[in-house]
Amino acid sequence: MCLNGGTWNGKACVCPPGFKGDKCQSEILVCQNGGSWDGIKCVCTIPYQGQKCEEVVSSIEIKPPETVSAEMKMSVTVTSVNYTEKLQDRSSPEFQNFNKLFTEQMDLVYAEVSEYDGINITELIHGSVVVKHDVLLKANFTPEYKNVLETVSEKIKQKINNVTNGQVMKDNNCTSILCFKENATQVQNLLIAYNPEEECRKKAGKDFADYFLLVYKNQEPKCISRCEAGFNVSMNCNFGKCVLERSGPRCYCLTTDTDWYRGETCEFSTKKSLVYGLLGAAGAVILIVLVIILVFVFRSRREVKRQKSKVTQLYKWHGENGEPAHGTFQNIGFDTCEERENAIDLDSIYSNFQPTLDHIDSNTKIKIQRPQVTITSL
């Protein structure tokens with residue numbers, strides 16, 4: 001016998017898509033959401049999990065570097081060195097000497113800044129010598145690393161402004177190794193190379209990036225959705241399961257042997273025993289109402305029959321000792337309506353009787369028995 005919709009062709013079972021085996025008894029796992037089959041299981045892509053990669057994970061592992069690099073782009077004008085075209089050739093002795101001199105002087109300027117990691121000359125321009133360069137910074141990764149680097153950048157800005165505004169040429173003489181043009185220093189914003197929030201959103205993918213956020217636990221960054229338990233931002237589904245969908249996190253409520261759970265976060269419960277009890281009580285009330293209605297209908301029918309019997313008697317007149325009637329009454333307007341058994345109006349019946357003496361024999365003698373008087377002693 002072929003299972004799961006398979007058909008027998010006379011020799012073997014022909015299985016429908018998704019099943020295999022002699023009797024089509026085994027389901028073929030089709031990896032979803034970009035997952036791949038390695039011969040044993042589905043290998044899921046981030047952020048999916050499950051036997052068929054059908055579920056979205058509630059947390060994504062991120063590995064920040066031990067140290068975070070940053071740079072500040074700035075420009076200073078050196079007035080104690082004459083500009084030559086050979087400075088454009090990075091392999092020339094002129095450039096090598098200037099690069100060494102400038103680097104040594106900047107190392108002295110920033111010597112007290114522990115996060116300072118050197119400089120990198122990016123361009124030399126005519127105008128005395130305009131030196132465009134990057135100041136390189138490095139800080140240990142901690143939850144506060146951004147604040148640390150922001151503070152360091154302010155120190156760097158202050159120190160370079162102090163030096164360039166203090167070491168200036170006087171009367172075309174420079175008393176320092178390098179002299180600068182006053183108020184010509186330009187410092188741009190700090191650029192940080194690593195951002196754990198961006199890594200978290202990138203790994204979550206465009207479909208779920210808005211539902212993942214970065215939080216810290218034990219000084220370690222965690223990329224989680226609100227379905228991940230144990231955080232202040234976690235969604236409490238109470239008696240349910242949190243599932244992340246493309247529309248956002250959602251609670252699916254459980255049903256147990258004793259309760260049904262409902263609500264946006266499965267916060268409400270309904271006892272099955274209470275519902276069954278209410279249904280039973282409602283059924284009993286309905287049954288009692290039906291019985292009352294049936295009794296009322298039965299009694300109404302009996303009353304209708306009794307009223308009809310009274311009406312029938314109005315048609316029959318009898319003489320003494322059961323003799324046939326000597327006169328008749330003709331009803332010219334009375335009509336009993338069988339469809340209105342429950343609404344007989346006797347007043348209308350009596351008002352429609354009209355007596356007639358057309359068939360009475362006037363020669364017939366009427367015998368009236370004399371009354372008998374009986375006298376008893378007191």
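Q: Before we start on this model, what does contact mean here?
A: Contact means that heavy atoms lie within 4.5 Å. Please note also that the model is a predicted one.

Q: Which elements cover the buried residues of α2?
A: The cover includes the strands β10 (67-78), β12 (129-140), β13 (186-192) and β14 (212-217), together with the helices α1 (93-109) and α3 (196-204).

Q: How many residues does α2 have, and how far does it reach?
A: Helix α2 spans residues 145-166, which makes 22 residues. From its first C-alpha to its last it reaches 32 Å, close to the 32 Å expected at 1.5 Å a residue.

Q: Which residues of α2 are buried?
A: They are Tyr145, Leu149, Val152, Ser153, Ile156, Ile160, Val163 and Thr164. Seen down the axis of α2, the buried residues fall within an arc of 110 degrees, so they line one face of the helix.

Q: And what is exposed on the other side of α2?
A: Asn147, Glu154, Gln158 and Gly166 are exposed there.

Q: Changing topic: how many aromatic pairs does the structure hold?
A: It holds seven aromatic pairs. In one of them, Tyr110 and Tyr116 have ring centres 5.0 Å apart and planes at 45 degrees, so the pair is tilted.

Q: Why does Tyr116 count as buried?
A: Its relative accessibility is 14%, and buried means under 20%.

Q: Which residues do ring pairs link into a cluster?
A: Phe141, Tyr145 and Tyr194 are linked in this way. Phe141 and Tyr145 are both buried.

Q: Last one: where does Lys217 lie?
A: Lys217 lies over the face of Phe231, at 5.0 Å from the ring centre.

Note on methods:
Residues are numbered from 1 along each chain as its sequence is written. This is a predicted model: local features need pLDDT of at least 70, side-chain atom pairs count only at pLDDT 80 or more; totals for chains, interfaces and linings use all residues. Side-chain values use heavy atoms; hydrogens and water are left out. Helices (H or I, at least four residues) and strands (E, at least two) are DSSP runs, numbered from the N terminus. The expected span of a helix is 1.5 Å times one less than its number of residues. Buried means under 20% relative accessible area, exposed over 50%, partly exposed in between (1.4 Å probe, protein chains only). The arc is that of the directions from the helix axis to the C-beta atoms. Rings of Phe, Tyr and Trp (its six-membered ring) pair if their centres lie within 6.5 Å; planes under 30 degrees apart count as stacked, over 60 as edge-to-face and the rest as tilted. A charge sits over a ring if NZ of Lys or CZ of Arg is within 6 Å of the ring centre and within 35 degrees of the ring normal.
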